[in-house]
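The sequence and the structure come first.

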Amino acid sequence: MAGNPIISKEKLKEKIIENVRTFSRKTLETASAEHIYEALAFTIRDIVTDRWIDTHEYYYKNDVKVMYYLSMEFLTGRFLGNTVINLTLGNELREVLTELGLDYNIIEDAEADPGLGNGGLGRLAACFLDSLSTLNYPAYGCGIRYKYGIFEQRIENGFQKEHKDNWLEKGDLWGVKRQEYAVPVTFGGTARAYKNRDGRYRFELENGFTIMAVPYDYPIVGYGDGIVNTLRLWESVTMDKYDPSKAKGESTNTNIEKNMEILCDSLYPADEKVEGKELRLMQQFFFVSATVQRVIARYVGMHGAQNLGRLTEKVQFQLNDTHPTVAVAELMRVLVDVHGMDWDEAWDVTRGVCSFTNHTIMSEALEKWPVELFSRIIPRIYMIVEEINRRFCKNLVDRFGNNAEIVRRMAIIADGYVKMAYLGIVGSHSVNGVAEIHTDILKKRELKNFYDIYPERFNNKTNGITQRRWLAQCNPRLARLVTESVGEGWITDLTQLKQLEKHADDAGFLEELGRIKRANKDDMAEYIRKTTGLLVDPESIFDVQVKRLHEYKRQLLNILHVLGLYNRLKNEPWLDCVPRTFIFAAKAAASYKRAKLIIKLINNVANLVNNDPSIGGKLKVLFMENYRVSLAERLIPSADVSEQISTAGKEASGTGNMKFMLNGALTIGTLDGANVEILKEVGEDNIFIFGMKDEEVQELAESGAYDPWDICNMNHDVRVVMTMLVNGQLSDDHNLFRELYNSLLNREGGNRPDEYFVLKDFEAYALAHEDVERKFKDKRSWNRSALFNIANAGKFSSDRTIEDYSREIWNLKKVNIDAN
C-alpha cells in the first residue's frame, strides 16, 4: 500500500461526494461537518475493508498463531485520523478536501473520542494494537464496548462534575456488529456435579442468570503495507428484562439482575457499595468469558476438541493488568467442564496460553475480591480458583513446611479475599513489569516471594508509544522536519531519530525546531482562548501535567509550587523571570473525594493568579476539562516542560513522559517509572531530575521518622503556602481545603501524614524549576536539549516493546498476506 496509491485522488473525491449524497441526502454545499465526516468515514472504511477481509482469510487459511490482548480499556482516540495516517493517505486526502473547499481539521473534529478507556492502561493497549498491525503480527484486542465510557468531565464552579459520555449518540461508524459470534455468559446460580459418559464428574451451572455477549469488530490498520487486525469489543444484551416488581429485597440475585441491565454502560463504575463491586466483577468476567469461549470455539472448529492439548501452538492470551486474570479460571472451566480435559493437562495448557502484565507497584492496588462476593457472582469460577489455590498452597507447604505466614502472604485466597494478581502469577508462564525500575521493585519487594519461587517467569517489557499517532499525526510540522532530515524510515523504526543528533550544533536547524514549537504553542494558545476565554502568552514556558489524577502522581505538589511562585512574584514584583503557563488536565475517579478536591484547588489557584494584575501576566494557571486523546494530541506538541513528578517507587512506567519527549518537551521528574530510562537515553543535561529515590522513600516510610511539620517549620515558602490552604485566601470557606492541609501535616485515620512526600520533595522541586528557567532563557541550549530528547526517543516506541513481547513471550510469527 505504501508504494502505490491505494486510491486515486479523483476516485477519492468521487466517493466522498457520493457518500455525502447517499448517507445524508445533502450536497457538499449544504452538508454539515458531521455529515461530511460521516461520508469520509464510510469512504475510508470501504478502503480498509478489503484488506481487513484479506488479513483474516489469511489467518484462517494458514492457521496462524494469534495473540489475544485482554484489557478493560482501549483508549483508542479518534479512528479517522490514525487510519488515514496508516493508510498513507494523509497528503492526498487533505489535497482532495482543499479542492472541495473543505477543512480537514474541522471535519476530523466532528468525530467523538470513543469512550473506551481512561488512562495510561488503555492508551498503552491502543498503542500496542497499532504496533501489532504495523509489524504484521496476528492479534485481537478484546474488551468491552462501553455505552458511556468513564464519564464526561465538566468543571462547574471549580469542581469536577461527572456527566454521561454519550460517545455513541451519533452512531458508530467504525464498529461492525458480529451477531453470529454471540455467546452466553452466566452469573450466579449453583454449580451442580454430574457424571459424564466416561464416568468422570463435571460441573454445570443451574438457576443462573444468562446474558448474551455480542461482539463489535473495529479495524486496526497497520502502517503502509501492514495488516488489518481487529479490536473486538463485547456488548451485553439481556435476554429478559429486569422486573423490579418481582424483586424481594436487595438480594444477591436482585443485584445481579439489575447489574445485567447496565453491565456495559460505564467503565469503572463507582464501587463504594456492594452493588458497584459486583458490577465491576461482572464486567470483568463478562468480556473474559466471552473472549475465552469464542477463541476456544474457533480453535475447536479448526482442530477438533481432541487437539486442545496443543492450544498453546495457536493461541496466546496477554492479560493486561489484574482485571482479566479471571481468564485463568475461565479457561480451566471451558477446558475441564465443557471439553472434558483432565485437570493436570488443562492446567499445563492454561499456563502455556496465559501471560500476565503487572501495571502497579502499590500493593493496595493489586485487585482483590471478597470471597463471599466472588463466590456468589461466579460460583463455578470460585470453585476452580479454590482448587488452584489448594494445589498451590500444597506446593508452598512442601517447599517451606507448615508455615502459616508464608501461606497467608502468598495464597491466592487468604484473609477472606481472592487476590487476582496472585492468580495471574500462578496461572501464567510469564509475568512482566513495564519499566526497569518497576520490574526490579516487583522482584525485590512487592512480589519477591513469587519471584523467589518462579524467577524464570519474571521479565521486563518497558512500555512504549506509537510514533504514528504521537508524532506523525499529532505534530505534522515536526514530523515534516524529521522526515526532511532523516527520511521516512522513522515512521516504522523510531531508532532512526538518532540521526538527528548530527544537527546538535546546527544553529539553523535548532532555530527551526524552536519555530515549530512556537507555532504549536500559538495554535494551543488560540485553542485555549476559544474554549476557555483565557489569554496565555506563547512566549511563556508551557509547563504541562496531564494524566489521571491520583495523589501519588502529585498534582498537589505542582499546584503548591505554583502558589509559591505566585507569592514570590507578589513579594518581589521587580523579579526578572520567564513568564510561565501551567496547564493541568486530569480526571479524578468519581468516588475519589480527595483527588476531586485537588481539582478544585487547582481551579481556585487559577482564579486567584489569573485575576491578579499585580503580577503582570507573568504567571497563568489553567485546568482543561475532560482530558481525552484528542486534547492530548493538541497539548503535547505545544509543551515545553513535561511534569512527571510521581513519588519515587510508585509509578510503574508512564507513557505520557515518552509522548512529551518525542515532541521535544523536557522532563522535570523523579527517578520513577520510565523516567529512569529516559535519563539514561538523553543524559542528565537534557532532563531535570529531583527528589528522593525509591530506596530513600522506602527507608523513610518504614522508619516512621518523617514529620512534615519539621519542613513546614523550617521552610518559609512551604509554611506560607500551607497557611493559604486554610486562611481563606483561596476560598471564602476557609475549611474547604482543610482535608488537603491535614493530609499533608496531620495523621488521619491511621495513615501517616504526607504519605506521598509532597512537602519532603517541595524544596528540591522548586530548585529544579529554577534550573528550568535558567535553561529556557538560553534558547539555543533549550532547543539543543529538545533535539536530544527527540533524537533519543527510539527506545520508547511501542514497536520495540511489541517485538520484545513477541520474541520472548508470545512466540508469534509475522505474516505477509500479499505473498499468499
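Rings of Phe, Tyr and Trp (its six-membered ring) count as a pair if their centres lie within 6.5 Å. In this predicted model, ring pairs link Tyr69, Phe74, Phe128, Tyr805 and Trp810 into a cluster. The structure holds 18 aromatic pairs.

**Aromatic pairs**

- Tyr68 and Tyr140 are stacked, with 5.4 Å from centre to centre and 20° between the planes.
- Because Tyr68 belongs to strand 1 (residues 66–70) and Tyr140 to strand 2 (residues 139–144), their pair ties together parts that are 72 residues apart in sequence.
- Both Tyr68 and Tyr140 are buried.
- Tyr69 and Phe128 pair edge-to-face, at 5.8 Å centre to centre and 80° between the planes.
- Tyr69 lies in strand 1 and Phe128 in helix 6 (residues 120–134), so this pair ties together parts that are 59 residues apart in sequence.
- Tyr69 is buried, as is Phe128.

**Charges over rings**

- Arg145 lies over the face of Tyr216, 3.8 Å from the ring centre.
- Arg457 has its charged end over the ring of Tyr454, at 3.6 Å from the centre of that ring.

**Ser428**

- Ser428 is found in the loop between helix 14 (420–426) and strand 16 (431–433).
- The relative accessible area of Ser428 is 0%, so Ser428 is buried.
- Its side chain reaches the backbone oxygen of Gly424 at 2.7 Å.
- Apart from neighbours within four places in sequence, Ser428 is in contact with Leu319, Arg351, Cys354, Ser355, Phe356 and Arg457.

Terms used:
Residues are numbered from 1 along each chain as its sequence is written. This is a predicted model: local features need pLDDT of at least 70, side-chain atom pairs count only at pLDDT 80 or more; totals for chains, interfaces and linings use all residues. Side-chain values use heavy atoms; hydrogens and water are left out. Helices (H or I, at least four residues) and strands (E, at least two) are DSSP runs, numbered from the N terminus. Buried means under 20% relative accessible area, exposed over 50%, partly exposed in between (1.4 Å probe, protein chains only). A polar contact is a pair of N or O atoms within 3.5 Å; within protein, one must be able to donate a hydrogen and the other to accept it, and residues adjacent in sequence count only if both atoms are side-chain atoms. Contact means heavy atoms within 4.5 Å. Rings of Phe, Tyr and Trp (its six-membered ring) pair if their centres lie within 6.5 Å; planes under 30 degrees apart count as stacked, over 60 as edge-to-face and the rest as tilted. A charge sits over a ring if NZ of Lys or CZ of Arg is within 6 Å of the ring centre and within 35 degrees of the ring normal.
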